[in-house]
Each structure stands twice: as structure tokens, then as C-alpha cells.
Amino acid sequence: MRVLGIEGTAWAASAAVHDTGTDATRIFTDAYQPESGGIHPREAAEHMREAVPQVVAEALDHARETAPDDREGDESPSPPVDAVAFSRGPGLGPCLRIVATAARTVAQRLDVPLVGVNHMLAHLEIGRASAGFSSPVCLNASGANAHLLGYHGGRYRMLGETMDTGVGNAIDKFTRHLDWSHPGGPKVEEAAKDGEYVDLPYVVKGMEFSFSGIMSAAKQAVDEGVPVEDVCFSLQEHVFGMLTEVAERALSLTGSDELVLGGGVGQNGRLREMLSEMCDQRGASFHAPEPRFLRDNAGMIAVLGATMAAAGDTTAVEDSRVRPNWRPDDVPVTWRSDEDVSRTAALREGTTQRGAEATVTLGDVVEKSRNPKTYRHPSLDARLRRERTRAEARLLHDARKLGVSTPVVRDVDPRDAAITMERVGGTDLAGRLDPAHVASVGRHLATLHDAGLVHGDPTTRNVRVPAADGAGPTDGTGAEDGTHPDGGTGERTWLVDFGLGYHSDDAEDYAMDLHVFEGSVVGTADEPAPLLDAFETAYREAGGDAGEAVLAQLRDVEGRGRYQ
Ligand SMILES: C[C@@H](O)[C@H](NC(=O)OP(=O)(O)OC[C@H]1O[C@@H](n2cnc3c(N)ncnc32)[C@H](O)[C@@H]1O)C(=O)O
Ligand SMILES: Nc1ncnc2c1ncn2[C@@H]1O[C@H](COP(=O)(O)OP(=O)(O)OP(=O)(O)O)[C@@H](O)[C@H]1O
Ligand SMILES: [Fe+2]
């Protein structure tokens, strides 16, 4: 099958022809370069209006020139391509409409099917296809996005994402402050080569992350006279360190041992180096497609379009309106039937647990050491390990005082980033996900929030519950009488891993806790809906009016679009 792909979500007016027989992909791109500042939606659309028809004509010429012999000389020659795939969203509305119009026109003229492709899934599927991976975790690092996806039960689930801007846009905003021309990413990469390390904010909440604080601090540092190359170097160390850390968390949560990278920022050598080193260290495989398939390009649209067309997933012209805010986790995945990413490998209860951050030895007591991460800059690494070990020990204690079940801390060694604590539960919540246990987590979080405490990373791996068969030490201190101090009717649950915790009186931070927990449930459960329902009901009941306000804030967090 030969498929014409058309792309034009923001800056790249691009058309490509992919031949599934030879696996060859030829891409024609005309890039929009803003005169000044960043991408202006109106200017970008003007570019698309001129450039899209041109690149499409070039691609179709190429298709005709390379058509197999049997397509030539017939009385009614076969069309040069068998389907037309186009970027249907997400992206800038005016640009998308031009692409869609071009795609409909060509498909109707050639009388071939139309395929509406999700641009973000195209960024990821191209890597999965070229790696030959079956069920990887996918990190998309592009201009307008930054997120982690894992396939499970017919959809890509969102495992973590930026809470504000996309990673490329964040970097581009910083370089606009320096009056550097768009795009800024490659210029930061170049300047970073001569830079030295300075501390900047580092914001990871579970598998969610945000860039606004770090970008303000970077601009301020330059304004205060810190050498630009030092700021560029440190920006990369922090921002890519965050992406690598959340990617490792996603691997750990899902039990996957494959990671693929997608998106324009994936062209950055330092980001690729960090991801590759992290994967090496945990025995996972890493793959990044070649640069022409990383940045926006129609090749990836043609490739996924061909896969979708082969699965019969085509788009009727009357249903082909563009979707500027189309989320990748909203797409029914018709073209995959392979094994789910969430293999629950995480659930084996060995004597040594390898979390995303630490090695945890489960004996009579539990010894947790945050080992150095060599992908991170040594200064940043030392700072994070020290800060998190301190926070963990302090907050485990604070939470206990509030009546939230946590292991008792026996010893803390901030220098070696090590904690010795009581052993609790028989398994992770991930191994016994049921409404009673998630409800108990809801009550625990309501208690913490009521006292101004944020867990920071309440995933299903950071909650301990009794083992189903009763094996293992199911009692923590205080449960000897068999009562359940969390006040619920289910079995007892313990919260562990407070390393990302902190004190806050901002409802947004509490909402993030809920968002992180729900994300970990959605990422791994076969049927998340009843679990989320039980969780929120329990949180609401325990949290009263304040809890209601946090849930409203959660809806706000979930509803934030990025393409207006
Ligand atoms: C919706 C769609 O329009 C959007 N596309 C997009 O953002 O273009 P993409 O080609 O994937 O990424 C462009 C971004 O990639 C950054 N970039 C390019 N080369 C880079 C490098 N060497 N280092 C860091 N960033 C780089 C640019 O600064 C720019 O922000 C998206 O995929 O989010
Ligand atoms: N006190 C404890 N008692 C029993 N098991 C524990 C205890 N603390 C941790 N564990 C187990 O060890 C695993 C890893 O611990 P922890 O989450 O603290 O490490 P981590 O490296 O920070 O993990 P991640 O970053 O992946 O959440 C947990 O999922 C849990 O199964
Ligand atoms: Fe993109």
C-alpha cells in the first residue's frame, strides 16, 4: 500500500509518500520561519495556505514517478496512492483546516479513502514501528506537548504530562527573552556546550511535571548576569533530567522495559543521552527514530495512516472535521491487538524492590537507598537525593501524627540518602486494586490535605496493603487490635515514599495529588471508572467542603487545553 501523508499542525507544511511494500518514506517539507518572536497562528496559516498545496503536488509527482509498472499505461490507471492520511489534530485550528481541506480534495479526486490521524500518536507510533518494540512506554517531547503514554486495553493511557506548557515551547519562550530567533531549542543545545551548572527549580509530582517555575528562574538568572551558556546548560540538565526521571517512573509503574522517544525536542543529543543511560542502567531498551521522523513531518502521518487504513480505520469526509484539542488518550486504537504495556511485572514481591528512585531491601525492616543516577548532573543528583531523603523522613513522621498509616522511621542517613523503616503491608496497592483500598487512599489523602500536607507521589506503587493470601507482615504498628485507623471498612492501607512531599496550603497542590493517584489507576487498571468513583467519593466524604473544592480544582487541572 502507498499512502500520502499531509502534516501542517503548526510550523511544518509537509507531505510524504510511504510505501508499505518497500518501507520507503519520502518527505517534502516547507518550514514556516517567524520573522520575529514565536509562531503566530495567523502567519502560520498563511504559510500553510501557500506551502501545503506545493508540498502535496511534489509528493504526488514523486508517487507517480515511483509507481510500480502495473500502474502505468492502463486505460484507467490506478491512483498514485491508495489512501490520503492527514494530521487532524491537535494543533492550530486555522492550520489544521487548510491541511484537512487539501486532504479531502486529493482523496476525492483520486477516489481513495481518507484517514484522520492524531498527530501525537503519529509521533510515537513512528518510533514504535522503527524500533520493532511491542509495548513500549512512549515519551513525547515536542513543542506544544510533553507526555508519557502507555498502551493498555485499546487506548494509549496518559501516564504523565506537563502541567503547563510543552517542553519545546518552554525552551522557545526562554530564548525569546534573549531575543534569539525561533526555534530556540537547537540554540540552547549549542550554547549549553560551554556552560557550567547552576541550581534551578526542579518540579516533578509523581509522573507529572511543570516548566513554568524553572523558566522564570532561568530568565531571572540571565537578567541578573549569570552567563547565558551556564543558564542554557543548567536548563537542559534540569528539564531533561525531569523528563528522564518521569520516563523511568513510567517504566517502573508499568513494568515495561522498552522506551521510545518522539517529538522535535527529541532531536536534542543531551536528552537522548540521558534517556539512553537511564534505560541502560535498568536493563531497558531505548529507541529514538532518526531526526527527520522526530520533528513534525508528514512521514509519520503517512506511516500511521497506512497502519490505520490496513485496519479499516478510515474517516468519512463528512466526519473529518479537524480537532484542535484532540488528546492522544481519546483515540480508540483500532490497529493494535498486542500485549498491554502494563504487565504488572512490578508486582512480584522480592526481597529487593527496585523502584524508580531507590533500591529497597525488604527484610525484618526496610532499607531504602536513593542511589546516584548517573544520567543526572552530579550536583543536581546530590541535591535531589539529599532533599528527598530528608523530606521523606520528616513527612512519614508528620503523616503518622495525623493518623495516616505510614511505616515508622528507624534511622536516616541524609549523606548516603538512606532510610531504615518499619516494614508494612504484604503487597503494593497495584497488586490489589479494588474499590475498598482506593477508598482508603482517598481518606488518607483527605486527612493529609486537611493538615496542609501534600504526598507528592501517591501512585498505586506507593501504597501498601495486606497481601491477598495474608502472607507477609500485614500489620504495621498500631494495627495489633485489627482495627483500621483510616476509619474505613476495608483493610488497612499504608502510604509510603513521601520523598516528593511538602507542606502547602494551595488547593492546586492537593488536586495534583489526586491527579497523580488517578493517573496511576487509569494507567494500569482494566476498568478504572469504578475505582476512581470509590476514590473520589471517599475523598469527598472525608474532606467535606474543602475536599469538594479540591475535586473542583481537579476537574480544572484535567481540563486544561494547550492549543487555544
Ligand atoms: C501539535 C504540533 O504542532 C506540535 N509540534 C511541534 O511542536 O513541533 P516539533 O517539531 O515536534 O517540535 C518543535 C520544537 O522542538 C524544539 N527543538 C528542535 N530541535 C531541538 C534541539 N536540538 N534541542 C531542543 N529542542 C529542539 C524546537 O525548539 C521546538 O520547540 C507538537 O507535536 O506538540
Ligand atoms: N516500609 C515499607 N514496607 C514494605 N514495603 C515497602 C516499604 N517501603 C517501600 N516498600 C516497597 O518498595 C517499593 C519501592 O519503594 P519506594 O516507592 O519507596 O521507592 P522508590 O524508588 O521511591 O519508588 P518509586 O519512585 O518507583 O515510587 C514500593 O513500591 C513498596 O512495594
Ligand atoms: Fe509535533
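Reply:

**Around ligand 1**

Ligand 1 has 27 residues around it, and Gly143, Gly168, Pro183, Gly185 and Gly264 come closest. Here a residue counts as near a molecule or strand if its C-beta atom, placed from the backbone, lies within 6 Å of it. Two or more residues of this shell come from each of helix H3 (119-131), H4 and H5; H4 gives the largest share, four residues. Helices (H or I, at least four residues) and strands (E, at least two) are DSSP runs, numbered from the N terminus.

Before going on, some housekeeping: this is a predicted model, where local features need pLDDT of at least 70 and side-chain atom pairs count only at pLDDT 80 or more, while totals for chains, interfaces and linings use all residues. Residues are numbered from 1 along each chain as its sequence is written, and chains are lettered from A and ligands numbered from 1 in the order in which they are written.

Back to the shell: seven of its residues are nonpolar, 16 polar and four charged. In this sorting, Ala, Val, Leu, Ile, Met, Phe, Trp, Tyr, Cys and Pro are nonpolar, Asp, Glu, Lys and Arg are charged, and the others, Gly among them, are polar.

Now follow H5, residues 185-192. Its residues Gly185, Val188, Ala191 and Ala192 are buried, meaning that 20 or more other C-beta atoms, placed from the backbone, lie within 10 Å of their own. Those four sit on the same side of H5, because they cover an arc of only 130° around the axis; the arc is that of the directions from the helix axis to the C-beta atoms. What do they pack against? The buried residues of H5 meet helix H4 (167-177), H7 and helix H8 (269-282), with contact meaning C-beta atoms, placed from the backbone, within 7 Å.

H7 takes us to a sheet. This helix lies across strand S6 (137-141), S7, S8 and strand S11 (258-262), and it runs at about 160° to S6. Angles like that run from 0 to 180 degrees between N-to-C directions, with axes being lines fitted to C-alpha atoms, for helices over the stretch in contact.

The sheet itself is open, with five strands in the order S8-S7-S6-S11-S12 and mixed pairing. Strand S8 (155-161) and strand S12 (285-287) are its edges, each pairing on one side only. Two strands pair if DSSP finds at least two bridges between them. Strand S7 (residues 146-152) is joined to S8 by six bridges in the antiparallel sense, and tyrosine 151 has tyrosine 156 of S8 as its bridge partner.

Definitions and conventions
Buried ≥ 20, exposed ≤ 12 C-beta atoms within 10 Å, placed from the backbone. Contact = placed C-beta atoms within 7 Å.
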